[in-house]
Amino acid sequence: MTTPPPSSAFPSTFAAVDLGATSGRVILGRVGPDNLDLTEAHRFPNTPVRLPDGLHWDVLALFQGILDGLREAGRSGGVTSIGVDTWAVDYGLLDTDDALLGHPFHYRDDRTDDAPRRVWSKVGPEQLYRITGLQHLPFNTVFQLAAAAQTAQLTAARTLLLIPDLLIHWLTGSIGAEETNASTTGLFDARTGEWSKQILDQLSIDQSLLPPLRRPGDPAGTLLPHVAAYTHLDPQTPVTTVASHDTASAVVAVPATEPNFAYISCGTWSLAGLELDAPVLTEESRAANFTNERGIDGTVRYLRNIMGMWLLEECRRTWSAQGLPTHIPTLLAEAARAKPFHAVVDPDSPEFLAPGDMPERIRDYCRRTGQPLPGSQGAVVRCIIESLALAHRRVLRQAAELADRDITHIHLVGGGSRNDLLCQLTADATGLPVIAGPTEATALGNILVQARAAGLVGDLTAMRRLITSTQHLRRYTPRGDAAAWDAADARLDTARSA
C-alpha cells in the first residue's frame, strides 16, 4: 500500500553525493508532495592515479570534493539529510585504528587478470554463481581480494569498506555495508541477502573483515564535529543509507508506471536488464553471464553490464590529445550522417576494458574480424553507437528469455538518455519504444530514498509516480529496416567467433 505523503507544501532539501567514474557531484534535491527539483551544488573531477603498484582512485581528493560540495549546501541553508552512492566492487581497507591502509585500487587495474583462476580452484564458477548469482567480471571484489592475498595491506586489515561505505565512515565515523553494493562483491548470498559464510570459509576470508549489512533507508549516523564545522551544516544532520550502488539508485528512478518494462542505465557502463522479485540462478543464466544484484525493497536487478559510453569517452580523450574535435553534439551529428552498419564491434571485448587509444583498438577489432575500417571520427562514433544498440538488443532479449518475462517497452535513464542517436537506434534495434530520461536518475534515486526515510514519499510505486510527473521524458518509436539490424547482429556473431 502506498503511504500518502504529508500535507506540508514546503519542500525539504536532501544532498545526494553521487560519484561516477569520471566526476563526482553533490546534488541538492527539493522534495515536496508534487515537487522534485534538482540543483547541482558542486562538481569535481574523478581522476585516477597510476602508482608503481597499479591504478588507484584518488579517494582523498574525492572526499575533499564531497566536503566542498556539502559546504556549498551549508551556504544554501542546510539539508534534511545526506546520502552517498558510487560505483561498485572497489574498496578500502582499514587497520585496527580504523585508518585507511593505502589508496583503493581502481577496478580497471590489471592485477586481477589471473585472480579468477585462483578463486575457481577453491570455489568453482558454477558454485559461485549458484550462491551469488553474480555476473563474471574479472574485477569483482572476490577476485580483487584473491589478487591481494598475502599482501601486507590485506594482512594488516581488520575492516573492508566498499567505496560509499568508506566515505560514509569518514563523514560519520560509523561502519557498515549497504546491501545493494554488497551484492556486487561475489561474497553475498543472492537468496538469503546476507554475506555468504560458505564462500568466505572456502576462500579463507575472515568474516569479521566484512561489516554488518545496512538496508537503503537505514540511518548511518550524524556528521563528525570537524565535518560539521567545515561544511557549516548542523552536527545532527543525518546521513541516510541509500541504494549506494549507483545503478541501484538509478533503477529507483526508472519512471515505470506499467509492468513488463526493461531498463537501461547508460553512462560509462550500460546496465541493461529487468526488475524481478527473485534471482535467476540457473546454469543457463550463468552461461549467459547475467547478474542478480539487489535493488531496494527486496527487488533483484537482473542485468548484464555492457561497456557503455566508456568507448566514446576514451575516443574523445585520444582525439583531444591529437588536437582533434571532441564536441559531443558535433560528433553525434557526424555519426548520424555516417554510413549505417559500416562496421560493428562487441563493446565487451576484453581489448576495450583498459584506458588507451580506443579509436585504434576499434580499427584493430575491425581489421581482425575482416570488416571495413571506420576512418573518420563520425564513422567511429557511428560504429560505437550502433554496437551499443545491438548490445542492448541482445542482452534484453536474453534477459526476457532467461527470466520468462515479456518486454513491451524500455526505459533508458542516465547520461546516455541525452544521446538522441543512441536512444533512437536502441528503439530501432530492439523494435520496442524507448522512454528516455531522467538524465539524473542516480541522484534522483538517492534523494528519493532519503525522502522516504524522512516520511515525505511512499513506496517504490509512489517514488516512480513522482518521477513521471516531475521529470522531462522523451519517447522514441522504432523505425527503419528491422532486417538490417538482424543482418548486423549476424555479422557481429561471426566477428565474435573469428
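Buried, in these legends, means under 20% relative accessible area, exposed means over 50%, and partly exposed is anything in between (1.4 Å probe, protein chains only). The model shown is predicted, so local features need pLDDT of at least 70 and side-chain atom pairs count only at pLDDT 80 or more, while totals for chains, interfaces and linings use all residues. Residues are numbered from 1 along each chain as its sequence is written, and side-chain values use heavy atoms, with hydrogens and water left out.

View 1. Let us start with Phe341, which is buried at a relative accessible area of 17%. Phe341 sits in the loop between α13 and α14 (358-368); helices (H or I, at least four residues) and strands (E, at least two) are DSSP runs, numbered from the N terminus. Leaving aside residues up to four places away in sequence, Phe341 touches Glu386, Ala484, Trp485, Ala488 and Arg491, where contact means heavy atoms within 4.5 Å. Ala379 is 38 residues from Phe341 along the chain, and the C-alpha atoms of the two are separated by 9.6 Å.

**View 2. Helix α13 against helix α15.** Here α13 (residues 328-337) packs on α15 (residues 377-403) at an angle of about 80°, with the axes 7 Å apart. Axes are lines fitted to C-alpha atoms, for helices over the stretch in contact, and angles run from 0 to 180 degrees between N-to-C directions. The two helices, α13 and α15, are therefore roughly perpendicular to each other; angles under 35 degrees count as roughly parallel, over 145 as roughly antiparallel, 65 to 115 as roughly perpendicular and the rest as oblique. From α13, Leu331, Leu332, Glu334, Ala335 and Ala336 meet Gln377, Gly378, Val381, Arg382 and Ile385 of α15. The residues of this contact of α13 with α15 divide into six nonpolar, two polar and two charged. In that tally Ala, Val, Leu, Ile, Met, Phe, Trp, Tyr, Cys and Pro count as nonpolar, Asp, Glu, Lys and Arg as charged, and the others, Gly among them, as polar.

View 3. Helices α17 (residues 441-453) and α18 (residues 460-470) pack at about 130°, and their axes are 11 Å apart. The pair α17 and α18 is therefore oblique. Leu444, Leu448 and Arg452 in α17 meet Leu460, Met463, Leu466 and Ile467 in α18. This contact of α17 with α18 has six nonpolar residues, no polar ones and one charged. Look also at the loop between β18 (434-436) and α17, where Pro438 lies. A cis peptide bond joins Gly437 to Pro438, with omega about 5°.

View 4. For Cys266, the nearest cysteine sulfur is that of Cys423, 7.9 Å away. Cys266 is buried, at 2% relative accessibility. The sulfur of Cys366 is 4.9 Å from the closest cysteine sulfur, in Cys383, which is too far for a bond. Cys366 is also buried, with a relative accessible area of 0%.

View 5. Val89 is not a glycine, yet its phi is positive, at about 70°. Val89 is found in the loop between β6 (81-85) and β7 (91-94) and is buried at 6% relative accessibility. Gln150 has a positive phi near 70°, again in a residue other than glycine. Gln150 belongs to the loop between α4 (141-148) and α5 (152-156), and at 79% relative accessibility Gln150 is exposed.

Conventions:
A disulfide is a pair of cysteine sulfur atoms within 2.5 Å.
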